[in-house]
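Here is a short briefing on one protein chain. Please look over the structure first, then read the notes by topic.

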Amino acid sequence: MSYENFDPIFPDQPVVDLYLPVWASLPAFRSKPAFIWSEDGTADVLNEGSFLTYGQLHDSVQFISDELIRQVRRRDTVVILCSPGLDLVQLIYGCQRAGLVSVPISPPDPRFENENCHHLARALSQTKPWAAIAHQAYIASVFRYLSLSLIDGKLALLLRSVQWISMESLRTCTAAEADQVVSVISRKDQPFFYHSNSSYYGCKPEEPYLIQYTSGATGIPKPVVVTAGAAAHNVRVARKAYDLNPNDVIVSWLPQYHDCGLMFLLLTVVSGATCVLTSPISFVTRPITWLHLITTFKATCTPVPSFTLPLVLKRVKEETPPCGGLDLCSLRNLILINEPVYRSGVEEFVDVFKAVGLNPGCVSPSYGLAENCTFVSTAWSGGEGGRRRWFPAMPSYRKLLPSARLMDESSSEIEVVVVNGETGEIVEDGVEGEIWISSPSNASGYLGHPSLTRDTFHCKLSNKSSHKFVRTGDRGVIKGTDRFLFVIGRCSDVITLTNNQEIHPHYIESIAYNNCSSYLRGGCLAAIKISDTIAVVAEMQRQDKNDAESLRKICEGIRKAALIEGIELGLVVLVKRGNVPKTTSGKVKRWAAKEKLAGGGMSVLMAVKFGKTCGVTKDLETNRPLLLSFL
């Protein structure tokens, strides 16, 4: 079934939840799947519980909100500790309809060992929630932990300080409760939701509805306060930018707790589309399943981190035949996030998969950050008429693809400028600087950090009477008559070479990986500076090259490849899988890698300081990490 774009008929809603009763009132949409959950990343084990129609979602959200209202007060904060899936989707909407501030968190292992509980402890301490929502089995595990004698006292105090609500208790309702759900949406001029003859009870546009944490790529994750109106504006702008409508089918394996993964839960409903979800673990276990989901559901849109493309390319070569059973001709938007986006990696991906219908014009390099809800811009243009610059016609800058096209700023709802970060003055096109953003999508600030909020969210352009801007901390440049924006990297990550030239670490990491791609794990390298020494930490993927001589040759090869580009490495460290710290969305946490290396916390296979071999810094018999003497 095809659906016309609904814009001419239905006005935009002030908050995302209010789109649900609109769709649920229409016969063609009430039974249409809003979300489909694939547990293993395939379509092989789907059942009735794998589908959530717009009617089911609307009704379940109402039941959840009714029950929550009985247990917590409006505008209370609740932590959501559910695994990825349809329950998490319903809870996020249910909390908004109940007028609550939700804090979605990936639930750590309830044994709370090692470092896996730090983020939960941080969230409980900073957001001070009234309640925590989780599945009954998880809650039981938490209380088993609290009954132990040897536990973390501070964490235990935080876990005991909240009211625990099971997801199972929010699914049930009586017939009398169900009768209270009243939809007064038969008239086109009154598409809003009413309950018990009262006006909408949920979060108003100006009220906080979400606290989402930054990725932690450049420092400790910070809690960003997002209003319901800012989130609605952000996904409406994204829908227009990607030209999404009810005919679209989205496939996403991104974490659903923040940033792009969470945005697409909202974007799906605003667009009236269908979204096929699976977990990041399913993708990491077998990346090719992502493309099979696109094939099976004839997906038109999929958002992925840029590291996805080389990872899938490497794994697809192991398949027999390499592209067997794939058909990507339906894909209209291949949204690439997690800048920088290298042209070479995109070109290689397109060259391989155009044989199974991939249209190069679907490539959509994009830019976003938590401080602007998520979405900022895309270099893709899908509208009718006008001048189009689709990939591969997009220009490049320092090997990168653009993430925005700013030629027609008059129609943009998100203002993007590049400024001198020290003076606040806008720099000329072609000059690198810090990216600043101003829009109704701007978040309110960092919870509990008034000074940092003022410095980040209340910036003004120098010598101008301007509105407030958010300083992103990202370095960028605007190039060409179309004014393409290139996001080069984080300002705080810049490394200064011995000749005083500056370089972003991802360039060094790319050089190292391309030199030894057969042995290293893509996206699992960190270039850092320790005192005056530039170091590269890289994860090994193969076990057959772990003898000292082979490892030393890999280190020397990385150093030589960097020297050709004029970069002198003082240290190369090879570590076991899983040792380079990363965010949930796959960004390398270079600051954490530096701390972990300096503290002797990495499982090091070989560390070579040029021109002296530091040797194997891992005592394999005692499994005890040894400190590098020069750190």
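Helix axes here are lines fitted to C-alpha atoms over the stretch in contact, and their angles run from 0 to 180 degrees between N-to-C directions. The model is predicted. The protein chain holds 19 helices and 31 strands. Of its 631 residues, 57% count as buried. Among contacts between residues at least 6 apart in sequence, 72% join residues at least 24 apart.

**Helix 13 and helix 14**

- The axes of helix 13 (residues 288-297) and helix 14 (residues 308-316) come within 9 Å. They cross at roughly 95°.
- Angles of 65 to 115 degrees count as roughly perpendicular, so helix 13 and helix 14 are roughly perpendicular to each other.
- Helix 13 brings Ile288, Trp290 and Leu291 to the contact. Helix 14 meets them with Thr308, Leu309, Val312 and Val316.
- By class, this contact of helix 13 with helix 14 has six nonpolar residues, one polar residue and no charged residues.

**Helix 4 and helix 11**

- Helix 4 (residues 86-97) and helix 11 (residues 259-271) have axes that come within 11 Å and cross at roughly 75°.
- Helix 4 and helix 11 are therefore also roughly perpendicular to each other.
- Val89, Ile92 and Tyr93 of helix 4 meet Leu262, Leu265, Leu266 and Val269 of helix 11.
- The contact of helix 4 with helix 11 has seven nonpolar residues, with no polar and no charged ones.

**Nonpolar cores**

- The largest nonpolar core has 162 residues. Phe35, Trp290 and Phe353 have the most contacts inside it.
- Helix 11 gives the most to this core, with nine residues.
- A second, separate core has 25 residues, including Phe112, Leu120, Tyr145 and Ile211.
- Beyond its neighbours within four places in sequence, Trp290 is in contact with Val251, Trp253, Phe283, Thr302, Val304, Thr308, Leu309, Val312, Leu334 and Phe349.

- Glu539 lies in strand 26 (residues 533-540). Its relative accessible area is 1%. Buried means under 20%, so Glu539 is buried.
- The side chains of Glu539 and Arg521 are joined by a polar contact of 2.8 Å.
- The Glu539 side chain also reaches the backbone nitrogen of Asn579, at 3.0 Å.
- Leaving aside neighbours within four places in sequence, the contacts of Glu539 include Tyr519, Leu520, Cys524, Val575 and Val580.
- Asp248 sits in the loop between helix 10 (228-242) and strand 11 (249-252). Asp248 is buried, at a relative accessible area of 3%.
- A polar atom of the Asp248 side chain lies 2.8 Å from the backbone nitrogen of Asn245.
- The Asp248 side chain makes a polar contact of 3.0 Å with the side chain of Arg332.
- Not counting residues up to four places away in sequence, Asp248 touches Asp243, Ala273, Thr274, Thr300 and Arg332.

**A buried loop leucine**

- Leu369 lies in the loop between strand 15 (363-368) and strand 16 (375-378). Leu369 is buried, with a relative accessible area of 10%.
- Leu369 and Asn338 are 31 residues apart along the chain. Their C-alpha atoms are separated by 9.4 Å.

**Backbone geometry**

- Most residues other than glycine have a negative phi, and most peptide bonds are trans.
- The peptide bond from Phe391 to Pro392 is cis, with omega near 10°. Pro392 is placed in the loop between strand 16 and strand 17 (404-405).
- Arg75 is not a glycine, yet has a positive phi of about 75°. Arg75 is in the loop between helix 3 (54-71) and strand 3 (77-80). Arg75 counts as partly exposed, at 48% relative accessibility.
- Asp243 is not a glycine either, and has a positive phi of about 55°. Asp243 is found in the loop between helix 10 and strand 11. Asp243 counts as partly exposed, at 32% relative accessibility.

Methods
Residues numbered from 1 in each chain as written. Predicted model: local features only at pLDDT ≥ 70, side-chain atom pairs only at ≥ 80, totals over all residues. Heavy atoms only, no water. Helix = DSSP H or I, 4+ residues; strand = E, 2+ residues; numbered from the N terminus. Buried < 20%, exposed > 50% of the residue type's maximum accessible area, 1.4 Å probe, protein only. Polar contact = N/O pair within 3.5 Å; in protein donor to acceptor, adjacent residues only side chain to side chain. Contact = heavy atoms within 4.5 Å. Parallel < 35°, antiparallel > 145°, perpendicular 65-115°, else oblique. Nonpolar A, V, L, I, M, F, W, Y, C, P; charged D, E, K, R; others polar. Core = buried A, V, L, I, M, F, W, Y, C linked by side-chain atoms within 4.5 Å.
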